[in-house]
Amino acid sequence: KKKPLVFMGSPKVSATVLDALLKLSSLPNSDFEVAAIVTQPPSKRERGRKVLPSPVAEHALERGFPSDLIFTPERAGEEIFLSNLRDLQPELCVTAAYGNILPTKFLKIPKLGTVNIHPSLLPLYRGAAPVQRAVLEGVKETGVSLAFTVRALDAGPVIAYERVKVDDHIKAPDLLDLLFSRGSELLIRELPYIFDGSAKLKAQPQDDSKVTLAPKVTPEESWLSFDQDATLLHNKVRALAGWPGTRAKIAIIEENGECDIIDIKIITTRVSAGGNVPGNEVDDLSFIKGALVIPCGGGSALEVLELQLPAKKVVNADSFRNGLRGRKLKKL
C-alpha cells in the first residue's frame, strides 16, 4: 500500500511543488500517494472581485484531483479539519507557501512530521516575505531550504538547502518562481530519505544567533522617495513588483506654468551608469535613450523603463514621453 502524503499550499508557486509530487506519485514504483490537498479557502481576487478557489485548488481540480479531498479550513487548528486529517493517517505533510500557522495538535498527526519548502537560506529571512526582503536588501545570493516544521516560525531543523545567485535585475515574483522550482527538485531528491527516517537524523538545527526576519510587506511601503540612493530604489521596485508595486508622485508642468501632480506606478528600472546629475537639474526629469531619468540621492539617478498611469496600461518610457506632448516633468 502506498504511503499517504498530504500537500499544503495556496498561491500559484505552490502548484509547481504539487505537480512534482503528483508526477512522482503516479509512477509505478512510487511508494507514496497524494492523499489530500490543504489550501486557503476561496477568496475574492482578480478583477471583478469574484470569489475563486486558491490557485492550488484550481490547479488540482484541473488535474482531476477529487474535490472532496481538497480541504479549505479557515485555520489549521479546526477540529473538523483535524478529524478528517487523522482519518487519512498521513505519513507525511509537505507545505509550500500554505499561508497558515500550524498548531501543535496538527503537527502531531503525520507520523514522519511536516516538511516545508522555504525560499531562503534558513535561518535567514524567516517569515512571510523572505524573497521580497532579500531583494529589498540587494542580496547577491539567496536560496531555498527544506526544513522540518516546528511550532516556532520557520525554526525547524534543515534537511537540505540550495544556494541561488541573484541577478540584480530579477524581480521578486520571478525569483520566487525560480526558488520554488528548485525547492520542488530538492524535495523530490530528499523524499526517499524523509520516508526512511534518515532525513531526521541528518537534519541540522538552525543557528539561532544568525536569525533574520522577513515580515509581511505592507502597501505603505510602496512609495518611493527620490532623496534615497538610486540603487535602493531600484531594489525596492524589484522587491515589490507584482504586489503592492512601487509608486511615486511627479509633477507635470503645463505650458502656462500650472502644475498637475500625478501618481505613477513604476514597473521596471535600472540604475543610471552615468550618475552625477547636474545641480541645476536636481528636480527635473529627463528622457535619455528610452528611459525616464529621475535624479536621486547622492548624485545618483534612476532610469525608469516601464511605468503605469492610473487606470491605464503599462507603457515604456518613450510612449509616456509621447503622451506628454512637450510638457516638462519635475519630481516631488
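Colleague: What makes helix α8 (residues 230-239) count as mostly covered?

Modeller: In this predicted model, eight of the 10 residues of α8 are buried, and buried means under 20% relative accessible area. The residues of α8 that fall under that limit are Ala230, Leu233, His234, Asn235, Lys236, Val237, Arg238 and Ala239.

Colleague: Which elements do the buried residues of α8 pack against?

Modeller: They pack against the helices α5 (130-136) and α6, and against the strands β10 (246-253), β11 (259-271) and β14 (301-308).

Colleague: How do you know that Asp229 caps the N-terminal end of α8?

Modeller: A side-chain oxygen of Asp229 lies 2.9 Å from the backbone nitrogen of Thr231, and a polar contact requires a pair of N or O atoms within 3.5 Å.

Colleague: Why are α1 and α6 called roughly parallel?

Modeller: Helix α1 (residues 12-25) and helix α6 (residues 172-195) pack at an angle of about 25°, with their axes 8 Å apart. Angles under 35 degrees count as roughly parallel, and α1 and α6 are therefore roughly parallel to each other. The crossing of these two helices is right-handed.

Colleague: Which residues of α1 and α2 meet?

Modeller: Lys12, Ser14, Ala15, Leu18 and Asp19 of α1 are in contact with Pro55, Val56, His59 and Ala60 of α2. Sorted by class, the contact of α1 with α2 has five nonpolar, two polar and two charged residues.

Colleague: Why does Thr95 count as buried?

Modeller: Thr95, which is found in strand β6 (residues 92-96), has a relative accessibility of 5%; the limit for buried is under 20%, so Thr95 counts as buried. Leaving aside its neighbours within four places in sequence, Thr95 is in contact with Met8, Leu102, Thr114, Val115, Asn116, Ile117 and Thr149.

Colleague: What makes the pairing of the Thr95 and Asn116 side chains a polar contact?

Modeller: The distance that joins the side chains of Thr95 and Asn116 is 2.9 Å, and the cut-off for such a pair of N or O atoms is within 3.5 Å.

Colleague: Is Val144 buried or exposed?

Modeller: Val144, in strand β8 (residues 141-148), has a relative accessible area of 1% and is therefore buried, the limit being under 20%. Not counting residues up to four places away in sequence, Val144 touches a set of residues including Ile117, Pro119, Leu121, Tyr161, Leu179, Arg182 and Leu186. Of these, Arg182 is 38 residues from Val144 in sequence and 7.3 Å away in space, C-alpha to C-alpha.

Colleague: How do you know that Val139 counts as buried?

Modeller: Val139 lies in the loop between α5 and β8, and its relative accessibility is 18%. The cut-off is under 20%, so Val139 counts as buried.

Colleague: Why is Ser286 called partly exposed?

Modeller: Ser286 lies in strand β12 (residues 284-288) and has a relative accessible area of 27%. Buried would need under 20% and exposed over 50%, so Ser286 is partly exposed. With neighbours within four places in sequence left aside, Ser286 is in contact with Ala291, Leu292 and Val293.

Technical notes: Residues numbered from 1 in each chain as written. Predicted model: local features only at pLDDT ≥ 70, side-chain atom pairs only at ≥ 80, totals over all residues. Heavy atoms only, no water. Axes fitted to C-alpha atoms, helices over the stretch in contact; angles between N-to-C directions. Helix = DSSP H or I, 4+ residues; strand = E, 2+ residues; numbered from the N terminus. Parallel < 35°, antiparallel > 145°, perpendicular 65-115°, else oblique. Left-handed = near helix turned anticlockwise from the far one by under 90°. Buried < 20%, exposed > 50% of the residue type's maximum accessible area, 1.4 Å probe, protein only. Polar contact = N/O pair within 3.5 Å; in protein donor to acceptor, adjacent residues only side chain to side chain. Contact = heavy atoms within 4.5 Å. Nonpolar A, V, L, I, M, F, W, Y, C, P; charged D, E, K, R; others polar.
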